[in-house]
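Q: Hi! I'm new to this one, could you walk me through it?
A: Happy to, let's take a look together.

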Amino acid sequence: MKILMVSAEAVPFAKTGGLADMVSALSIALEKAGNEVKIVMPRYYKINRDNLTKIDSPLGVPCGWREEWCGVYKAVLPGSTNVETYFLDHENAFGRDGIYGTKEESDFHDNPYRFSILCHGAFQLCRMLHWYPNVIHAHDWSSGLAPVLLKFHERWTSEFSRTISVFTIHNLGYQGNYDKGNWGALGLDWNLFHGAGFEDFDRINFLKAALESSDALTTVSPTYAREIQSPQGGFRMDGILRNRSNVLTGILNGVDMDYWNPSKDKKIPQNYNFKTLAKKAVNKKALQERMGLPVDEKIPVFGVVTRLADQKGIAELFAPTYGCCYSICRDMAVQMVVLGSGEKWCENELQALQDKCPNLKIYIGYDEGLSHLIEAGSDFFLMPSKYEPCGLNQMYSLLYGTLPIVRNTGGLSDTVEQYNQETGEGTGFRFDYLSPRSIYDTVGWAVYAWYNKKEHIKAMQKRAMQKNFSWDLSAEKYMEVYQKALDNL
Ligand code: ADP
């Protein structure tokens, strides 16, 4: 099969979250399974042109009544044999810092214009390459225009008449919602404002149009696929998703099992596996030293690596007077390490908490190396998300023998098995209701097990480390989705 991924981000070129990991890893796994895969994405300022190959002719991209011109660059996706990644270079749209926005302007006002160029450009790129995919796979609202263009325009051209679209929901919370004054940027006739499903209380909603127009929908875990069809988890889209439930599939994301592998991870001081679990202690010591915590093997270390965003349960953990982090650090014999960046109030509050709690150490920023060390050096990993489409960190934690403490939601439910303190079964600790009290109690439960049920903890760590989250399995499921949609065309 020929598959084109249309995405705003892909690792290692540009990343804000799990989407970027998924697009690249899935592409590699699909290629391994015998498919021909290409990716198209913007060339942001941060992506150095010197590392890319320039394609000689520029690309004319008709966007309705106007035409935009893009430079095109290309690179082979690292880790793949030949997944060609194409970059659309457009100074006005992408020649600036930031993928969707910056600290000053968190959501660029001209995002409809920017991502319209990406989606229109995807089809023009295929024409330029004389390469027509069976599947156009779009990811989240930023590439949500691609399935719309396929359904209402391109499907009626000879080149794309046998092409289907698949749209993956990585996070239903981000919908690309803009004033309808931006409509001109989309290059579509006004009748599609309603006709393709953009209209949302008289505004443009990119995600909604993609949900209504794609041939198949997927999301990144089976539990999340169910949750988004409910009013509680549906972000106002649950009605549409219930209507389209026959084409909606939940497929758990995999993990790059080479990169996130404690037995060969180059970013940690000591490699280990489930048979040599005792060596994990070297990483714990390194983490304690790096963060300025007293080195003590006996005290449990709780790690947190997260975007500091409401979705991640940061209010319940860190909000002044409300969050439970302070009481955990005050009441329990634990150490806590937090790596994250995001909402300003939370960054400030973490600083204040660190000043009050000698057993809490924080690092504000994005640090790939430290995230590996936290996974390898912690004993527990805390992830109390409000909702979690899939979540990667809990899977990394399992593979590193760092027992996750999670809220029972989305991909967290699908990957972490509850600890049974009678039998010792399980791979982590789950709680249902998101409140500071539940987090406090569940952390307390883990601390109890750490000090009193050592043999259970060891057995759980070993069990967790033997989990298989390889992409090969997920890729097979995506191929089934593609095939089904092609059969129905
Ligand atoms: P989301 O995509 O919602 O942010 P995921 O758990 O699916 O959550 O993926 C987050 C990814 O980003 C993981 O690979 C995680 O390690 C990484 N990450 C998040 N914050 C940081 C940070 N401050 N430093 C390093 N890596 C981070």
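A: Let's start with a term: a polar contact is a pair of N or O atoms within 3.5 Å; within protein, one must be able to donate a hydrogen and the other to accept it, and residues adjacent in sequence count only if both atoms are side-chain atoms. With that in hand, a polar backbone atom of Leu 392 is 2.9 Å from an oxygen atom of the ligand. This is a predicted model, where local features need pLDDT of at least 70 and side-chain atom pairs count only at pLDDT 80 or more, while totals for chains, interfaces and linings use all residues. Residues are numbered from 1 along each chain as its sequence is written, and side-chain values use heavy atoms, with hydrogens and water left out.

Q: Got it. How far is Gly 18 from an oxygen atom of the ligand?
A: A backbone N or O atom of Gly 18 lies 2.7 Å from one. Asn 393 uses a polar side-chain atom instead, 3.2 Å from a ligand oxygen.

Q: And how much of the ligand's accessible area does the protein cover?
A: The protein covers 92% of the 560 Å² that the ligand has on its own; areas come from the Shrake-Rupley method with a 1.4 Å probe, and for residues only the protein chains shown count as cover.

Q: How many residues surround the ligand?
A: There are 18, counting a residue as near if one of its heavy atoms lies within 4 Å. The closest include Arg 307 and Lys 312.

Q: Which element gives the largest share of that shell?
A: Strand β13, with three residues. Helices (H or I, at least four residues) and strands (E, at least two) are DSSP runs, numbered from the N terminus.

Q: New topic: how many salt bridges does the structure hold?
A: It holds 27, each a side-chain nitrogen of Lys or Arg within 4 Å of a carboxyl oxygen of Asp or Glu. One of them joins Asp 21 and Lys 15 at 2.8 Å, N to O.

Q: Which residues are linked in a network of them?
A: Glu 36, Lys 38, Lys 74 and Glu 84. Within it, the closest N and O atoms of Lys 74 and Glu 84 are 3.5 Å apart. Lys 74 lies in β4 (residues 66-76) and Glu 84 in β5 (residues 84-89), so this pair ties together parts ten residues apart in sequence.

Q: Is Glu 84 buried or exposed?
A: Buried, at 13% relative accessible area; buried means under 20%, exposed over 50%, and partly exposed in between (1.4 Å probe, protein chains only). Lys 74 is partly exposed at 25%.
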